[in-house]
Amino acid sequence: MAHGALDPFEADAGAVIPPTLYALRREGSSESPEGLLSWVVGLAHAHCLGPRTLVKYLLEQSERHADFWSDTAYFERHCATVNGLGRYALTMLDALGRPRPSKAQCMTLLGLAHLLPFNGEGLLARNPRWCPACLCEQARKGQRPHHPLVWSFEHYRVCHVHQGFMSERCPACGAEQAFLPIYPSLLHCNACGESMIVRPPGPADLEVTSSQEEISAFDRWSASALVDLVSRIPELQRAGSLAQMQQNLVDLAASLTQGNRKGLCEALGLQPRAINGWLNKDERPSLALLLRFCHGLNLLPADLFLANGAIGRAELPKPAQTPSSDRQERPMLGYRQRELLERQLELVLENPSDYRGLAAVAHQLGLSRHALKYWFPAQSKEIVLKRRMAESRTLERRYRTDHEYLQQVITELVASRVYPSRRKVERMLGQRQLSLMRPDLYTAYRRRLMSLQ
Ligand SMILES: [Zn+2]
Ligand SMILES: [Zn+2]
C-alpha cells in the first residue's frame, strides 16, 4: 500500500511508515490530542491484532530494540511512559516510523522534555484511567473510542468535563487495566470483558474508584491546569524555558513577598526551600510540586515557563478558608467505617421496639439525614417504612379510643334520658380535645343517632 499518500494522519515528508501498517486518523483536536498509547490500541484494532502483538512486532523491527528489550519489563512497566517525555515515547514513535518532529509527537509529552524531569514525581499515572461519561460521549458522537493525552497525568484525577473521578478499575471485577492490553479495546475490561462505560449506580461504585475521598478544589483546579498545559505544548516547546521560569520566580518573590523566597513558599504551604533547586541548581520542577506552587498563586503552570506577563496576575492565597458545607453534608466514609455503621443499622432495624425516624438514627450514628440516605439507601428506606408502620399503628390505636369515647358519651346521655344533641355531645367531646368537626367522629355520631330512632 502506498501509505505516504493515503495517510490522513500526517503528511510529513519522508515519513517512514512500515509498509504493512494501515493509516489511522487520530481522534481529539490540536488542543486536546489523543494519547499515543490510545492511538496504538486503535491501530491494533484496525489490524485485528492484539496491541501487544502489534507493538512487539513493531519494536522488533526497530533499530532501538536491542538497547533495552525485555518483553515483561516493557509491557508491565516501561510502556506506561509511552505518552510521556522519555525514551519510551521516542522509541514508540521510531517503531511506528514517525519522524521527529511530527504530528505524532503531539500525542506525547515530548514537547515538554526541556521543562519537566523525565521521571518526575507525579507526572504520569501508574495505570490507565478513563472517564466513563467521556467514553460514552465519544461513542454517541461516532468517534473511535480513545483516551485523550491529558488522561495520562497522575494529577488528572477528575474529568474536567464531567467533574467526576477518573476510573482506574473495572466497574464489574475491579481489575486495573493495562496500557497495552491484550485485546484491542478501550471499552472492555481486559480481565473480565465487561463494558467499561457502565457505572453501577449508587455509592457501591465509589468503593471501586475512590471511597476514601471526595473531589477537592485542588483536584478540580489541577484537571483544568493540565488541560491548559497540554493545549499549549506547541507554544511551550517553542517559547518556554527554564531560564524564563527562574526569572518569573524571582519576579514573583519580588512582587508578592518583597523578594523573600522562603516567605513565598511558606505562604503557599510549601517547605521554605521548596523552589531553591529550581532557582539555584537548574532543576526541572516536578509536576507535583509545580501544581501545588501554581495552585497557591492561582497561576497556570504553563505561564510560569513563558514571558507573557501572566505572573503579574498571581496573588497569594487568602489565609482563612471555610470548609464547604458539602463536606459536612456528605462525609466520605472508609470501607471499615461503613461496615461498622451497617452493623449498627442492622441492630436498629432488628429491634422491634425501636421506631425512631431517620433523623434520630442518623444523629445516633453521627451522620446527617442526607448522608445516611446517601450511604445506606436500602437501610434508610426500611427505617422510614418501619417508622411509618409504627405511626399508623399508633394512629389506629388513638382512633379506636376516640370512637369508644364518643359511643360512651352517647350511651351515658341516653341512659340518663337526655337526647344526645349535637351541642351536648360536642361539649362532652371537648373535654378530651375532640370534636364532631372530625369527619370520622361526625359520621359515627350520625350513624348512632339513626340507630337510636
Ligand atoms: Zn468525562
Ligand atoms: Zn473486569
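Trainee: Helix 20 passes helix 22: is the crossing left-handed or right-handed?
Mentor: Keep in mind that this is a predicted model. A crossing counts as right-handed if the near helix is turned clockwise from the far one by less than a right angle. For helix 20 passing helix 22, the crossing is right-handed.

Trainee: At roughly what angle do the axes of helix 20 and helix 22 cross?
Mentor: Two packed helices are described by the distance between their axes and the angle between them. Helix 20 spans residues 377–415, and helix 22 spans residues 439–452. Their axes come within 11 Å. They cross at roughly 35 degrees.

Trainee: Which residues of helix 22 meet helix 20?
Mentor: Start on the helix 20 side. Tyr399, Asp402, His403, Leu406, Gln407, Ile410, Thr411 and Val414 make the contacts there. On helix 22, their partners are Asp440, Leu441, Ala444, Tyr445, Arg448 and Leu452.

Trainee: How many helices and how many strands does the chain have?
Mentor: Take the chain as a whole. Of its 453 residues, 45% are buried. Among contacts between residues at least 6 apart in sequence, 66% join residues at least 24 apart. The count of elements is 22 helices and zero strands.

Trainee: Around helix 3, how many degrees of arc do the buried residues cover?
Mentor: Helix 3 runs over residues 51–61, and its buried residues are Pro51, Leu54, Val55, Leu58 and Leu59. They sit on the same side of the helix, because the arc they cover around the axis is only 125 degrees.

Trainee: What geometry does the site of the zinc ion (ligand 1) have?
Mentor: The protein donors are Cys131 (SG), Cys134 (SG), Cys159 (SG) and His162 (ND1), lying 2.0 to 2.3 Å from the zinc ion (ligand 1). Angles among the four donor atoms run from 103 to 115 degrees. Four donors need all angles between 85 and 135 degrees for this class. The site is therefore tetrahedral.

Trainee: How many residues apart in sequence are the parts that Cys131 and Cys159 tie together?
Mentor: The donor spacing for the zinc ion (ligand 1) is C-x2-C-x24-C-x2-H. Cys131 lies in the loop between helix 6 (87–95) and helix 7 (132–140), while Cys159 lies in the loop between helix 7 and helix 8 (204–209), so the pair ties together parts whose separation in residues is 28.

Trainee: Is Cys159 buried or exposed?
Mentor: The cut-off for buried is under 20% relative accessible area. Cys131, at 3%, counts as buried. Cys159 has 1% relative accessibility, so it counts as buried.

Trainee: How are the donor residues of the zinc ion (ligand 2) spaced in sequence?
Mentor: Cys170 (SG), Cys173 (SG), Cys189 (SG) and Cys192 (SG) coordinate this ion at 2.3 Å. The site is tetrahedral, with angles of 106 to 112 degrees among the four donor atoms. In sequence, the spacing is C-x2-C-x15-C-x2-C.

Trainee: What is the relative accessible area of Cys192?
Mentor: Cys173 is partly exposed at 41%. Cys192 is partly exposed too, and its relative accessible area is 37%.

Trainee: What separates the C-alpha atoms of Ala362 and Leu345?
Mentor: Ala362 is found in helix 18, residues 358–365. Ala362 counts as buried at 1% relative accessibility. Leaving aside neighbours within four places, Ala362 contacts Leu367, Ser368, Arg369 and Leu372. Leu345 is 17 residues from Ala362 along the chain, and their C-alpha separation is 9.5 Å.

Key
Residues are numbered from 1 along each chain as its sequence is written. Chains are lettered from A and ligands numbered from 1 in the order in which they are written. This is a predicted model: local features need pLDDT of at least 70, side-chain atom pairs count only at pLDDT 80 or more; totals for chains, interfaces and linings use all residues. Side-chain values use heavy atoms; hydrogens and water are left out. Buried means under 20% relative accessible area, exposed over 50%, partly exposed in between (1.4 Å probe, protein chains only). Helices (H or I, at least four residues) and strands (E, at least two) are DSSP runs, numbered from the N terminus. The arc is that of the directions from the helix axis to the C-beta atoms. Donors are N, O and S atoms within 2.8 Å of the metal (3.2 Å for Na, K and Ca); water is not among the atoms, so sites may look incomplete. Four donors count as tetrahedral if all angles lie between 85 and 135 degrees; four count as square planar and six as octahedral if opposite donors are over 155 degrees apart and all others between 65 and 115; anything else is irregular. Axes are lines fitted to C-alpha atoms, for helices over the stretch in contact, and angles run from 0 to 180 degrees between N-to-C directions. Contact means heavy atoms within 4.5 Å.
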